[in-house]
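I opened this notebook to record what I looked up in one structure. The entries follow the order in which I worked.

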Amino acid sequence: MASVLLDEERLVHAQGEELQGKADMFGGVLIDSKTLPTSAQLFDTQLAGALSAWKTAGKKGIWLKLKPEHATLLATAYGHGFEMHHANKQNMVLVKWLPETPSTVPQPASHYVGVGIAVIDDQNRILVVQEKFGPAARRGKDFWKMPTGLVDNGEDIEVAAVREVLEETGVHV
C-alpha cells in the first residue's frame with residue numbers, strides 16, 4: 001500500500017516515486033510541478049494515493065500547476081476531480097477541494113487595475129491628452145483627459161502611473 005509522508009517542506013508519495021508539494025497557509029497543498037512524472041499512468045497512481053492520504057490528513061484545497069510540457073497529465077487530473085482555476089501563457093492552475101463542505105477556494109482574478117494621473121506643473125496647469133484610439137477617442141477631437149492606462153501584472157501602481165505619463169505624453173514625472 002502506498003503512503004504519503006507529510007512534513008513542512010514536502011509531501012512524498014512512496015513506492016520509489018515522489019509526488020511532492022508544500023503545505024499552504026490555508027490547510028491545502030501546492031503540488032510541485034517539478035516532480036510530476038511524464039507518464040499519465042504513473043501520475044494517475046501517484047495522484048490517487050496522494051489525494052487519499054491528503055484527505056485522511058484533513059487537507060483542503062489541492063493546487064496543481066501544469067506547464068505546457070505536462071499537458072498530457074491534464075485529463076488524468078480532471079479524472080481525479082480537479083477543475084481549472086486559471087491559466088496564462090506559462091501555466092494551467094487546477095484545484096481540487098477535498099472536504100465534504102462547500103469550497104472556500106477564491107475565484108480567479110477577473111479584473112484589471114487602471115491608473116489615472118493628474119500632473120500639475122508649477123504654474124498650476126494640468127497635463128491632458130487626446131486619445132487617437134480607444135473609448136475616449138470616440139468622444140471626438142474636443143475631448144481631453146488625464147493620462148490613463150492599465151497596471152501591468154506585478155507592476156507597482158506608482159511605477160505604472162509614471163510609465164503611462166511617459167508613454168502618452170513623453171513627459172518624465
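Entry 1: elements and numbering. I took helices (H or I, at least four residues) and strands (E, at least two) as DSSP runs, numbered from the N terminus. I then located Ile126, which is found in the loop between strand S8 (114–116) and strand S9 (148–150). I noted that this is a predicted model, in which local features need pLDDT of at least 70 and side-chain atom pairs count only at pLDDT 80 or more, while totals for chains, interfaces and linings use all residues. Residues are numbered from 1 along each chain as its sequence is written, and side-chain values use heavy atoms, with hydrogens and water left out.

Entry 2: around Ile126. I looked up its contacts (heavy atoms within 4.5 Å). Leaving aside neighbours within four places in sequence, Ile126 touches Val119 and Ile120. I also checked Lys145, which lies 19 residues from Ile126 along the chain; their C-alpha atoms are separated by 9.9 Å.

Entry 3: confidence. I read pLDDT as the predictor's confidence in each residue, from 0 to 100. The protein chain averages 87, and 90% of the residues score at least 70. Over residues 1–16 pLDDT stays under 50, although the model has 39 contacts beyond four places in sequence for them. Where pLDDT is low, the predicted coordinates should not be read in detail.

Entry 4: the sheet. I counted two strands as paired if DSSP finds at least two bridges between them. In the order S3-S4-S5-S7-S6, 5 strands form an open sheet with mixed pairing. Strand S3 (21–23) and S6 stand at the edges with a single partner strand each, so one side of each is left without a neighbour in the sheet. I found S3 paired with strand S4 (residues 29–31) in the antiparallel sense over 3 bridges. Lys22 has Leu30 in S4 as its bridge partner.
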